[in-house]
Amino acid sequence: MEGNYYDIDDILAESKVLPCRFLVDAVELGYLDDTEECGDDLKQGIVINLPFFLIKQLYKRRMIDVERPIYYQTRFGESLMVDPKVMNLRAKCEYWYVLGWKLCKLMEAKEIATWMEKSLQSRNEEIIDQSSHYKSGKCDHFKSTLTYIEQKLFDQKHETENYMHRW
């Protein structure tokens with residue numbers, strides 16, 4: 001899951017924007033600010049949204065500090081752990097697990113890894129159950145709440161069920 005140059009889903013996951021605070025003055029990088037309030041240079045302390053593929057490089061150079069979006073903050077994680085099955089993670093971020101894994105790796109945020117592990121374990125039970133009983137219109141609402149990885153699990157389980165019935 002390191003990142004694949006040809007994987008469209010990895011490209012889409014890394015295109016998600018996150019708020020970042022600049023730790024240094026960034027000369028000639030004002031074009032990165034969508035609001036265009038900064039002029040040509042970004043001053044130390046300014047917060048702007050940047051795509052993850054750019055965040056990686058700037059964070060490694062200690063130019064920015066990544067501010068976690070609401071769906072990776074402690075309060076969200078605590079509410080998610082109450083009952084992960086009822087949370088619509090796709091509405092927060094379609095690539096919640098992929099981006100979370102990349103953030104864990106970048107920032108060493110072990111609590112995000114714990115949330116992802118427990119959430120996927122809990123939600124996987126429901127995914128297996130729903131995919132076993134999938135009929136075209138009855139599970140559409142359920143499928144619309146699944147993240148990218150959960151959707152793949154659902155589809156694979158459903159295809160396996162179909163294969164078993166044909167066999």
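When I say contact this morning, I mean heavy atoms within 4.5 Å. With that in hand, hello everyone, and let's look at the chain above.

A word on provenance. This is a predicted model, where local features need pLDDT of at least 70, side-chain atom pairs count only at pLDDT 80 or more, and totals for chains, interfaces and linings use all residues. Residues are numbered from 1 along each chain as its sequence is written, and side-chain values use heavy atoms, with hydrogens and water left out.

First, the overall layout. There are eight helices and three strands, where helices (H or I, at least four residues) and strands (E, at least two) are DSSP runs numbered from the N terminus. Along the sequence they come in the order α-β-β-α-β-α-α-α-α-α-α. The C-alpha trace spans about 65 × 35 × 25 Å along its principal axes. Of the 167 residues, 39% count as buried, meaning under 20% relative accessible area with a 1.4 Å probe and protein chains only; exposed is over 50%, and partly exposed is in between. If you take contacts between residues at least 6 apart in sequence, 64% of them join residues at least 24 apart.

Now the strands. Two strands pair if DSSP finds at least two bridges between them. Strand β1, residues 17-22, pairs with β2, residues 47-51, in the antiparallel sense over five bridges; Arg-21 has Val-47 of β2 as its bridge partner. β1 is also joined to β3, residues 64-66, by three bridges, again antiparallel. There, Phe-22 stands opposite Ile-64.

Let's stay with Phe-22. What is it in contact with, leaving aside neighbours within four places in sequence? The list is Leu-42, Lys-43, Gln-44, Gly-45, Ile-46, Ile-48, Leu-50, Leu-58, Met-63 and Ile-64.

Phe-22 also belongs to the largest nonpolar core, which has 32 residues. A nonpolar core here is a set of buried Ala, Val, Leu, Ile, Met, Phe, Trp, Tyr and Cys residues joined through side-chain atoms within 4.5 Å. Those with the most contacts inside it are Leu-18, Phe-22, Leu-50, Ile-55, Ile-64, Tyr-71 and Trp-96. At least two residues each come from β1, β2, α2, β3, α3 (74-82), α5 and α6 (110-132), and α5 gives the most, with six.

So how does α5 sit against α2? The axes of α2 (residues 52-60) and α5 (residues 96-107) come within 11 Å and cross at roughly 5°. These axes are lines fitted to C-alpha atoms over the stretch in contact, with angles from 0 to 180 degrees between N-to-C directions. The two helices are therefore roughly parallel, a label for angles under 35 degrees. Phe-52, Ile-55, Lys-56 and Tyr-59 of α2 meet Leu-99, Lys-102, Leu-103, Leu-106 and Met-107 of α5.

Beyond four places in sequence, Leu-99 is in contact with Ala-13, Lys-16, Leu-18, Phe-52, Tyr-71, Tyr-72 and Cys-93. The C-alpha atoms of Leu-99 and Ser-15 are separated by 9.7 Å, although these residues are 84 apart along the chain.

One last stop: Thr-147, in the loop between α7 (140-143) and α8 (148-166). Thr-147 is buried, at 1% relative accessible area. Leaving aside neighbours within four places, Thr-147 is in contact with Leu-89, Arg-90, Cys-93, Glu-94, Trp-96 and Tyr-97. Thanks, everyone!

Key: Parallel < 35°, antiparallel > 145°, perpendicular 65-115°, else oblique.
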